[in-house]
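Reader: I have a model open and would like to talk it through. Can we start with the pocket and go on from there?

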Amino acid sequence: MHSTFRSGALAARADDPRPPGPAAAPAPADPVVLATLDKAAHENFPVAPFFLPRAWRGDLMALYGYARLVDDIGDGDLAPGGADARHLGLAPADAADRLLFLDAFEADLRRVFAPASDGPRHPLLQRLAPTVHRHRLDPEPFLGLIAANRQDQTVTRYATHDDLLAYCELSANPVGRLVLAVTGTTTPERVRRSDAVCTGLQIVEHLQDVAEDLARDRIYLPAESMARFHVREADLAAPSTGASVRALVAHEAERAHDLLAEGGALVGSVHGRLRLLLAGFVGGGRAAVRALAAAAYDVLPGPPKPTKAQLLREVATTLRGEG
């Protein structure tokens, strides 16, 4: 699965991906925590850029650790050794069942929100708990990310664009809402704009990763669009991108561009360093769309990626309220 924390295209991050100072939950250097948080160094996304306030960086890294672990459970990409399963009390025989794993993880998440509980067992959830309590976060966005990964275990094709948008409502939009919540900037209009940005970023990454997703037996291109452009599943497995697939990707890229444009006003609605962070989200997505176009939508050999110069230009354009 691709959560929004794994989308975008701006490589801006903290020098040290571990939450610093008093904003971080007190947690030992658990190998599970370090293995997950260190993945932030390899994300094409501004997880916790150095220019943000120290407290925000700690909270954003706590959110990243959660989203990254949920995705890793859903994709079967957990570190070897079974430590995550042991933290959640899963028997070795059950650890291979991703749905059971997600159920156990949800049960542990609910301990974060249960006043009478002894707290969660997994160290990444222990690290998340202070962020949840400090900002009085609701469980719904966290549960949405789990629901999206459950859906990935049973739903591998999407009939319509609306079906895909409903999936993005679970897999992408919760991340943007959590960023607004921990920065104290939530309003109904900002949530609406944030949802558009997050869904746009999600769709862009789906377009970049058509071949990778197909290798997991997942297709995030709506079947109705595939039929419109006369694209069969076999065309997505070809070594080169045919004209019909390119036309389909161009169509879906335009939809993503429109979503990013709809959400772009979010950047101008905030100030200071948060404005720069959000410009990174939107500008990164726009740069990725431009990279797809520059590659003539040839996505099957590998994901077209923008250059650093292209990224910076799009971020600057976004900051100026253009584009």
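**The pocket and its surroundings**

Author: The model is predicted. Its largest pocket is lined by 15 residues, and those nearest the centre are Asp138, Pro141, Arg177, Leu178 and Ala181.

Reader: What volume does the largest pocket have?

Author: The volume of the largest pocket is about 270 Å³.

Reader: Staying with H8, at what angle do H8 and helix H9 pack?

Author: H8 and H9 (residues 188-208) pack at about 135 degrees, and their axes are 8 Å apart. That angle makes H8 oblique to H9. The crossing of the two is right-handed.

Reader: Let's move to H5. Which of its residues are buried?

Author: Helix H5 covers residues 123-135, and its buried residues are Pro123, Leu124, Leu125, Arg127, Leu128, Ala129, Thr131 and Val132.

Reader: What is the packing angle of H5 with helix H4?

Author: H4 (residues 98-113) and H5 pack at about 40 degrees, with 9 Å between their axes. The two helices are therefore oblique to each other. H4 and H5 make a right-handed crossing.

Reader: What follows H5?

Author: Arginine 136 follows H5. This arginine lies in the loop between H5 and H6. Phi of arginine 136 is near 55 degrees, which is positive, and the residue is not a glycine.

Reader: Is arginine 136 buried or exposed?

Author: Arginine 136 is exposed, because its relative accessible area is 76% and the cut-off for exposed is over 50%.

Reader: Now histidine 230. What is its phi?

Author: Phi of histidine 230 is near 60 degrees, again a positive value in a residue other than glycine.

Reader: Where is histidine 230?

Author: Histidine 230 sits in the loop between helix H11 (223-228) and helix H12 (233-236). Histidine 230 is exposed, with a relative accessible area of 66%.

Reader: Next, some contacts across the chain. How far apart in space are arginine 216 and aspartate 75?

Author: From C-alpha to C-alpha, arginine 216 and aspartate 75 are 8.7 Å apart, while in sequence they are 141 residues apart. Arginine 216 belongs to the loop between helix H10 (210-215) and H11.

Reader: How exposed is arginine 216?

Author: Arginine 216 is partly exposed, with a relative accessible area of 31%.

Reader: And glycine 242, where is that found?

Author: Glycine 242 is in the loop between H12 and helix H13 (243-263). Its relative accessible area is 30%, so glycine 242 is partly exposed.

Reader: What separates the C-alpha atoms of glycine 242 and leucine 300?

Author: The separation between those C-alpha atoms is 9.3 Å, for glycine 242 and leucine 300, which are 58 residues apart along the chain.

Reader: Last one, alanine 294. Which helix is it in?

Author: Alanine 294 lies in helix H15 (residues 272-294). Alanine 294 is exposed, with a relative accessible area of 66%.

Reader: How many residues along the chain lie between alanine 294 and lysine 305, and what is the C-alpha separation?

Author: Alanine 294 and lysine 305 are 11 residues apart along the chain, and their C-alpha atoms are separated by 9.6 Å.

How values were computed:
Residues numbered from 1 in each chain as written. Predicted model: local features only at pLDDT ≥ 70, side-chain atom pairs only at ≥ 80, totals over all residues. Heavy atoms only, no water. Buried < 20%, exposed > 50% of the residue type's maximum accessible area, 1.4 Å probe, protein only. Helix = DSSP H or I, 4+ residues; strand = E, 2+ residues; numbered from the N terminus. 1 Å grid on protein atoms, 1.4 Å probe; cavity = no way out; pocket = protein on both sides within 12 Å on 5 of 7 lines; lining within 4 Å. Points joined across faces, edges and corners; volume = space filled by probe spheres on them. Axes fitted to C-alpha atoms, helices over the stretch in contact; angles between N-to-C directions. Parallel < 35°, antiparallel > 145°, perpendicular 65-115°, else oblique. Left-handed = near helix turned anticlockwise from the far one by under 90°.
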